[in-house]
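Please open the model in your viewer, with the sequence alongside, and follow the stops below in order.

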Amino acid sequence: MDYTISAPPHIKSKFSFSSINRAKILALIPVSLASVYFFGMPALGIILAASLAAVATEYSIQRIFKKKVTIMDGHAALIGLMFALLTPPEAPIWIPIFGAFFAIAIGKHAFGGIGSYIFNPVLVAWVFVRSAWGDFMTPASIPSLGQLSDLVLENGAGLLVDVSPILLLSGVYLVYKKYIEWRVPLVFALTVFFFNQTVAFLSAVIGLIQEGVLNPLMYLSTMFIFLEVTDELSYVMVGIVFFGILFLATDTPTTPVTKNGRLIYGFACGLLVSIYGYFGNYVDGTIYGIFLANAIAAYIETKTLPAMFGHESLLERSYKRIMKRIPPSLKYEVISDE
Amino acid sequence: MESKRLKTIPEKVIIPLKQHNGVACKPLVNKGDQVLIGQKIGESVSYYSSDVHSSVCGEVLAIENAPNPDGNKVLSVIIKAVDSEETVAFVPANNPSQKDLIAIIQGAGIVEHYGAPTHTVLKPEGKKIDLVLINATASEWIGGKYATPTEYASQMMDALKLLMKASGALKGAIIVRKDDNDSIEAFEGVKVDGKALRVAPLLGTRRLGHYFKDQGSNIVVASQERILGRNILNFFTYNVTGRKVALGCNPTDVGVAVCGVKSAKALYDAVHEGKPYYETVISMEGAVNCPELIFVRIGTPFKDIISECTFNGEIGKIIANGVITGIAQYTDEVPVTKGTTRITLLTKEQVLRDESLDCIHCARCVDACPVSLLPTRLHVLAEQGRFDECRQMHIQFCIECGRCSFACPSKIHILQLIRYAKNAIEQAYEDATPKESSNLKLGCCGGE
């Protein structure tokens, strides 16, 4: 009888590159359907054109350069779909086709294919198309959260992805199912949220100082701003920011691999998006913010390489140094180790 | 948990003369000799060797190279078994001294499951042991030989005292798994020096030293999470005692002897019953209809064990030990050795046939690594032969647990590449040190 021999491990997890891509495509289908419902046939045309163009580009590139054709892993279709969702519905049909072509040909393959690109191909294509044909790519309106029903169906949607923030929360399910790693989206979301609250808090404090208020309770009461929903936040609760947090920033090749690096990267994304969004608008802000954060991802990674196992970190060392100084009578009765 | 014996005595057994790391044994029998159960058939020729005993009654068919679960062929004694339970006379030891104990361990052929003969762990040459640990975190090694958990706990405690006596260590500890409630309950009932034991959880920075002082006892039982892997000893020692083991060293260098449950039980039997180590408990895994634990004679070929089970479908892969670190076998003629803890069977459909893709930097391997390495970088460096850079990234800390390869969505053989790099580094390092013949004197005692 023949037995297979191979190196261990003999079982592997069910996640594969194609299953991750398929899960992401599935998670984006609800919002795509909502955009078709809202914008009608042009939206459907854009989504189909971009996805097909992306797959066709990948196929022809891999055939021309005599590489293994990998269109079945779903990555090209995912990039096409993501680019389509970042297109305004008024755009002529050649815009998504060219964008998908540019994303695959330049954004992905010119950098060396999957795993090697340093900028998210979707963002590369979007930034290029936006710079080249700004008229077509400028959304008709910038969405903001007026009433709660806007979370379900946003009437001021400018891009396809803006139509329904709540349907994009399917990405949270992917995080729960571990298709997406939690560190980047969590820190990104917290940063975007607290940036605006902190700005509002600081401006309130500065306002009090300018009025010459001396009562410390007045200053303390400004802390309650953290509990209020500020005006600025209504510009954050839109589809594209959710899309950026859950789908664009979590593109794995453009994220640092170290654990601390991912936390810092999430913070950098949040900070850049917030600054752009605060002074400009959150549609451009999300895309340019994440695009810039991609540029520093490799730097973050090399600066956060984990230390040798069992090595004390700076925090542990300083804690021990402080604990040594404290006289034993003040300490709790802790029996020291060997 | 009850364990079952095989219904029939295997037709022939293959007993390798080297079931440990070190020097192979010298065969004591010749072709055509009659042997009894427990008869010594291989004698150790150096300190780093452990005796081998026959596990059946019968006639020696041959002494030749035969397949071994580690993948190589090893000189083995092949015995044709007869249906008899006749054993040699077992002599229990009466209050043995430290020297006697070491001789008993070597004479009974007691070997750790990770390969080292137990007496070299307890009494390494030129090193002093002051702490003995019994690693009981993998419960499939435990089950089987005991009627009740209490019996298991009290025998383990006796065995620990014997191990401590043999090594001359004053302190000893048994480490059980955190979620293994049966064992924890059993140990809670045991009394040491008139005091009831409390199973102490290893939490945060509290390690064994804390509990030795806290409980005012030289013997403690602690619990921690299970660690799986191939080279886990140093990691285990650090987790339990807080003592760091330098690269290229083993726990005995910091005065810790780590023993398994199996060898502790074997020592208990050797001292109280005089029985040498010729039987072991293994478990079966995979799509088989089998008792969970099987009591087998060392040397039983895998095919005899497999034929006792009803297997659903066609066997695609036979793995000695677990699915994460076990070695796939090319034949079912390999015998159970002292290092075998489990046999895993996979069907043809379960055998993986994936193709490695490019790394997508998803960092699942980084999250999975228990010793905070970066497998995503290491596998690329290993593949390109940049071993020095691997070394700068602490590749030697890898405990070969295989979690990175398990988690990889691109199905890259990360563990294999890391092992390749580790081997290359070890070889380069050995070349660099002067040979014994050279008169060059090193500044330190060898090593770095």
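Select chain B and colour by burial: buried residues make up 50% of its 448 residues, where buried stands for 20 or more other C-beta atoms within 10 Å of a residue's own, exposed for 12 or fewer and partly exposed for anything in between, with C-beta atoms placed from the backbone. This is a predicted model, in which local features need pLDDT of at least 70 and side-chain atom pairs count only at pLDDT 80 or more, while totals for chains, interfaces and linings use all residues. Residues are numbered from 1 along each chain as its sequence is written, and chains are lettered from A and ligands numbered from 1 in the order in which they are written.

With chain B still selected, note that its C-alpha trace spans about 60 × 55 × 55 Å along the principal axes. The radius of gyration of chain B is 22 Å, which agrees with the value near 22 Å for a compact globule of 448 residues; the radius is taken over C-alpha atoms, and the globule rule is 2.2 Å times the number of residues to the power 0.38. Chain B holds 13 helices and 22 strands, these being DSSP runs numbered from the N terminus (H or I of at least four residues for helices, E of at least two for strands).

Next, select helices H3 (residues 149–167) and H4 (residues 181–188) of chain B, whose axes come within 8 Å and cross at roughly 65 degrees; axes are lines fitted to C-alpha atoms, for helices over the stretch in contact, and angles run from 0 to 180 degrees between N-to-C directions. Show Pro149(B), Thr150(B), Tyr152(B) and Ala153(B) on H3(B), then Asp182(B), Ser183(B), Glu185(B), Ala186(B) and Phe187(B) on H4(B), since these residues make the contact, a contact being two C-beta atoms, placed from the backbone, within 7 Å.

Move to Thr280(B), in strand S16 (residues 279–286) of chain B. Thr280(B) is buried, with 25 other C-beta atoms within 10 Å. Beyond its neighbours within four places in sequence, Thr280(B) is in contact with Lys262(B), Val296(B), Ile298(B), Val336(B) and Lys338(B). A C-alpha to C-alpha distance from Thr280(B) to Gly339(B), 59 residues apart along the chain, comes to 9.5 Å.

Then pick His394(B), in the loop between helices H11 (387–392) and H12 of chain B. Phi of His394(B) is near 60 degrees, a positive value in a residue other than glycine, and His394(B) is buried, with 20 other C-beta atoms within 10 Å.

Now bring both chains into view: the contact between them takes 49 residues from chain B and 34 residues from chain A. On the side of chain B that touches chain A, the largest share, 5 residues, comes from S20(B).

Turn to chain A and select helix H4 (residues 94–110), which bends by about 25 degrees at Ala103(A), the bend being the angle between axes fitted to the seven residues ending there and the seven starting there. Because 13 of its 17 residues are buried, H4(A) is largely enclosed by the rest of the structure. Just after H4(A), Gly112(A) takes a positive phi of about 115 degrees.

In the loop between helices H7 (170–176) and H8 (183–211) of chain A, find Lys178(A), which has a positive phi of about 70 degrees although it is not a glycine. Lys178(A) is partly exposed, with 14 other C-beta atoms within 10 Å.

Finish at Pro8(A) and Pro9(A), which are joined by a cis peptide bond with omega of about -5 degrees; Pro9(A) lies in the segment before helix H1 (17–39) of chain A.
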